[in-house]
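I opened the structure to look up how its chains meet and how much confidence the predictor gives. My entries follow.

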Amino acid sequence: MSRMGGRKAFDLEWVERWARQVNEDRRLPVIGRFFSGRFVLGIDDTDYLIEVNKGKVQKIAEGLAPNDFGFEFALRASSVTWGKFAQQVPPPMFNDIWAMAHPLHRHLRIDGNAMTFWQNLRALTHMLSLMRKA
Amino acid sequence: MNQHDPIVGRYVYVQCQGKTYRTYYEECGEGVPMVCLHTAGTDGRQYRHQVCDPDYYNNFRMIAFDMPWHGKSLPPKDFYLMEDEYKLTTKFYAEFIVAFCHALDLKKPVIMGQSMGGNICLELALRYENEFSALIALEACDYSPGWWIDALHHPHIHGNEVVATSTFGLMSPESPDEHRWETWWLYANGGPGIFKGDLYFYSVDSDFREHTSKLSGRLPIYFITGTYDFACTPEMTERTAEKVKNSECIIFDGGHFPTSEDPAKFKQVVTPVLKKILALNHPEWRSGSSTSFSDGNRSQTQLGSHGNARPAPTSGRRVIDL
């Protein structure tokens, strides 16, 4: 377990634990059945590529490579921000992706094709909430 | 044995800006009239817990109506001829609230509005202060930018789900799940483009920063905002309340939809305010009721435990197939 004194390390092992939570979830096969594509989870200076097929994570990768053929959208924030988001009871302004990205707060940046982000918001929101179990 | 809520629902025809609106409302009680204003894109069901609660309806005539285009209230009959998308304006919103109160012949009602229904209280206080006896502005401030965005009404995006999900995070994670998800459901019920159109009022047409300090103070305003409100933060409400004469500001542990996301917590928070309002004892109110509010209990959500990990590769670009 890659934790630093109770604080999550947000390394590839942590991303994998989260991805396995996603794949074990019993609702995502339904609410995420049309969510297929690649998105980036940006944590500090590291981009993790997340490849999703029908609501399940097929592959995760640390860093981006030419053979990835890019991604649809990216959610980038500091590890401090993700740390707050991933708490069992996240603090105000950090409990939700749109809360963190909202122009009033800007704790998280949405890059790339925001259309894909909005189209899959329900499944994505549920997926990311499973970070609280990782 | 059958169980019924005490709510009665009716339709009233409201004239506003030259058009007639068949307007649905629900009510219960016979005391001081209290008109409840729902949030953007939803309807009066957000107040079902308050309208059905004897602690409220034994003291107030609780009334929750659906704005035109919302819930069971229809759009104007010629809406299909409109050349612009639906946009709620400050002028129409305020005039419609006043017209609805007149249609029901209410005497000096209390207004309790939430989110956009809270923000409009500032306009009501400026233009119609003699119409009302007190305002309860939930999750309100004098300027709330950032919400009038096309993603909320776009043919490539499921409007119902995106509207409901984009507002889900406005609620406290500690509000009871069943109430948070009922709130989500109410949001998922709105007509196409109505949430976004309401947010034209909320984020574009309602910059009240210049006029909050001009309010006379004759109409008391009670601001109540939850800590998890990221659209109208506690600081935004506090900054507004500081400028408004004869106002109070209450910040509590909760979210943007206190009446529907945690009715028990909300009752605890609002009860002292309701007692103060009843103490106003306005001569145009019918006499009678005394306060008898009880406090509710709060619930907490339970989250699960985490899963297993396996060792990761140690060199090169690390890729894991799942």
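Which strand of chain B pairs with β5(A), and in which sense? I looked this up in the predicted model. Strand β9 of chain B, residues 319–321, pairs with β5(A) in the antiparallel sense, over three bridges. I then followed one bridge by residue: A61(A) has V319(B), in β9(B), as its bridge partner.

Next entry: the contact between the chains. I noted that chain A gives 40 residues to the contact and chain B gives 29 residues. By residue class, I recorded 19 nonpolar, ten polar and eleven charged residues on the side of chain A that touches chain B.

Next entry: confidence. The model scores ipTM 0.93 and pTM 0.90. For chain B I noted a mean pLDDT of 91, with 91% of its residues at 70 or more. I then looked up where the pLDDT of chain B falls under 50. Residues 287–291 of chain B stay under 50, and the model has seven contacts for them beyond four places in sequence. Over residues 295–314 of chain B the pLDDT is also below 50; this stretch has 39 contacts in the model beyond near neighbours in sequence.

Terms used
Residues numbered from 1 in each chain as written. Chains lettered and ligands numbered in written order. Predicted model: local features only at pLDDT ≥ 70, side-chain atom pairs only at ≥ 80, totals over all residues. pLDDT = per-residue confidence, 0-100. Contact = placed C-beta atoms within 7 Å. Nonpolar A, V, L, I, M, F, W, Y, C, P; charged D, E, K, R; others polar. Pairing = 2+ DSSP bridges. Helix = DSSP H or I, 4+ residues; strand = E, 2+ residues; numbered from the N terminus.
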